[in-house]
Amino acid sequence: MGNALRFLYAHCCKPTVSGESDSLGPHGVSATTVGVSALAHDLFNFEINSQVPEGLSDHVVSSKKAQANWYRKLSVAWREAKPPPRTPEEASRLIIQTLKKHQKADVEGLLAFYGLPLPHTLLEPSGGVPTSLPQGVKFELQTLPVDARAIPDGDTITVYVSTTDPRESSCLPLEVQMAAVQRSQARAERNYAKADALHKQIIDSGYRVISVQNQEVLARKYRIRLMGIDAPESSMPYGQEAKQELIKLIQGKSVRIFVYTEDRYGRLVGDVYCNGIFVQEALLKKGCAWHYTAYDQRVELASWEKEARLKRTGLWAAPNPEEPWEWRKDRREGRQ
């Protein structure tokens with residue numbers, strides 16, 4: 001079995017602890033872990049015994065022999081995916097692309113078996129990443145992979161940019177650079193107290209030493225406000241769901257940010273792209289945010305919000321969702 005599938009199984013398919021109340025689904029894993037982890041579990045088993053999961057024939061029209069052919073193709077596709085699918089949407093797209101020449105009923109049946117999004121429910125990005133800087137953009141950032149802990153809500157993220165980036169290296173303070181060198185030396189000498197003190201000095205200057213693929217990288221910290229949208233605050237209805245959608249979109253991935261301005265809280269305001277997806281578009285279409293018309297008049301954002309409203313998607317399933325700007329105003333003025 002390839003290393004990719006070993007890694008996949010270890011990180012996606014945690015065995016059910018004895019005594020847990022979760023029932024087992026048709027995939028042989030806990031019902032709370034169906035989807036991406038269930039597919040990973042079955043690919044892992046297929047690599048070992050060449051057996052497709054029990055119950056799959058109830059969802060598809062083709063024979064067991066054909067099913068085995070699908071799993072061989074999917075195993076290869078998953079190993080070659082960089083990074084491998086982490087979200088239901090990513091797993092769906094991998095299945096759809098890998099089995100695109102197979103019968104529609106089989107592809108949709110396989111997706112349904114794993115509880116993955118069907119083709120017609122997947123978001124189709126309207127464009128992609130602009131090939132040149134849009135009008136009004138001051139500069140672009142390309143970040144290191146985003147940590148889920150750096151996503152406090154559905155429209156704000158904290159990112160880090162490597163100081164090897166030409167834009168960053170040109171303005172890197174000498175004292176931060178020297179502190180990073182001295183910290184590395186202190187760690188080599190196992191003087192961890194000194195290393196920690198130096199790292200605090202680096203952090204206080206707006207930088208941090210981050211481990212990326214087992215290598216330490218000196219990076220600059222930026223707080224980003226996603227331009228043109230306003231998601232529910234974390235304590236509002238649908239606030240946690242909006243946050244989780246943003247995490248699913250960008251967790252563990254590098255993002256590109258087109259920066260337009262800076263707000264009164266010192267956050268950079270910009271458009272965020274991840275793997276070719278315009279993040280604000282995805283959030284609006286999933287019903288995770290309002291179009292923030294007070295600060296952004298782009299008609300495409302308005303149309304994406306309207307689309308979600310008509311489908312009663314996400315927060316629009318509620319009869320009268322409260323606007324987050326009104327919610328914040330009420331609290332500032334002590335009305336709630």
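1. The accessible surface of the protein chain is about 18200 Å², and carbon and sulfur atoms hold 50% of it. Note that this is a predicted model. Of the 336 residues in the protein chain, 44% are buried.

2. Twelve helices and nine strands make up the secondary structure of the protein chain. Among contacts with a separation of 6 or more, 65% join residues 24 or more positions apart.

3. Start with strand β1, residues 139-142. Its covered face carries Phe139 and Leu141; its uncovered face carries Glu140 and Gln142. The general rule applies here: in a regular strand, side chains alternate between the two faces of the sheet. β1 pairs with strand β6 (residues 256-262) in the antiparallel sense, over four bridges. Gln142 has Arg256 of β6 as its bridge partner.

4. Phe139 also has a charged neighbour. The charged end of Arg167 sits over the Phe139 ring, 3.7 Å from the ring centre.

5. Ile224 deserves a look of its own. Beyond its neighbours within four places in sequence, Ile224 contacts Leu141, Asp155, Thr156, Ile157, Val159, Ile257, Leu268 and Val272.

6. Now the helices. In α5 (104-113), the buried residues are Asp106, Val107, Gly109, Leu110, Leu111 and Phe113. They pack against α2, α3 and α4. After α5 comes Gly115, with a positive phi near 70 degrees.

7. Helix α4 spans residues 88-98, and its buried residues are Glu89, Ala91, Ser92, Leu94 and Ile95. The cover over these residues includes α2 (36-49), α3 (64-80), α5 and α9 (239-250).

8. The structure holds nine aromatic pairs. The ring centres of Tyr273 and Phe278 lie 4.9 Å apart with planes at 20 degrees, so this pair is stacked. Stacking here rests on the planes being under 30 degrees apart. Both Tyr273 and Phe278 are buried. Elsewhere in the aromatic inventory, Trp290, Tyr292, Tyr295, Trp316 and Trp325 form one cluster.

9. Two backbone points need a check. Most residues other than glycine have a negative phi. Gln213 is not a glycine, yet its phi is positive, about 50 degrees. Gln213 is in the loop between β3 (207-212) and β4. Its relative accessible area is 75%, so Gln213 is exposed.

10. Asn275 is the other case to inspect. Its phi is positive, about 50 degrees, although Asn275 is not a glycine. Asn275 is placed in the loop between β7 and β8 (277-278). Is Asn275 buried or exposed? At 56% relative accessibility, Asn275 counts as exposed, the cut-off for exposed being over 50%.

Key. Residues are numbered from 1 along each chain as its sequence is written. This is a predicted model: local features need pLDDT of at least 70, side-chain atom pairs count only at pLDDT 80 or more; totals for chains, interfaces and linings use all residues. Side-chain values use heavy atoms; hydrogens and water are left out. Helices (H or I, at least four residues) and strands (E, at least two) are DSSP runs, numbered from the N terminus. Buried means under 20% relative accessible area, exposed over 50%, partly exposed in between (1.4 Å probe, protein chains only). Contact means heavy atoms within 4.5 Å. Accessible areas come from the Shrake-Rupley method with a 1.4 Å probe; for residues, only the protein chains shown count as cover. Two strands pair if DSSP finds at least two bridges between them. Rings of Phe, Tyr and Trp (its six-membered ring) pair if their centres lie within 6.5 Å; planes under 30 degrees apart count as stacked, over 60 as edge-to-face and the rest as tilted. A charge sits over a ring if NZ of Lys or CZ of Arg is within 6 Å of the ring centre and within 35 degrees of the ring normal.
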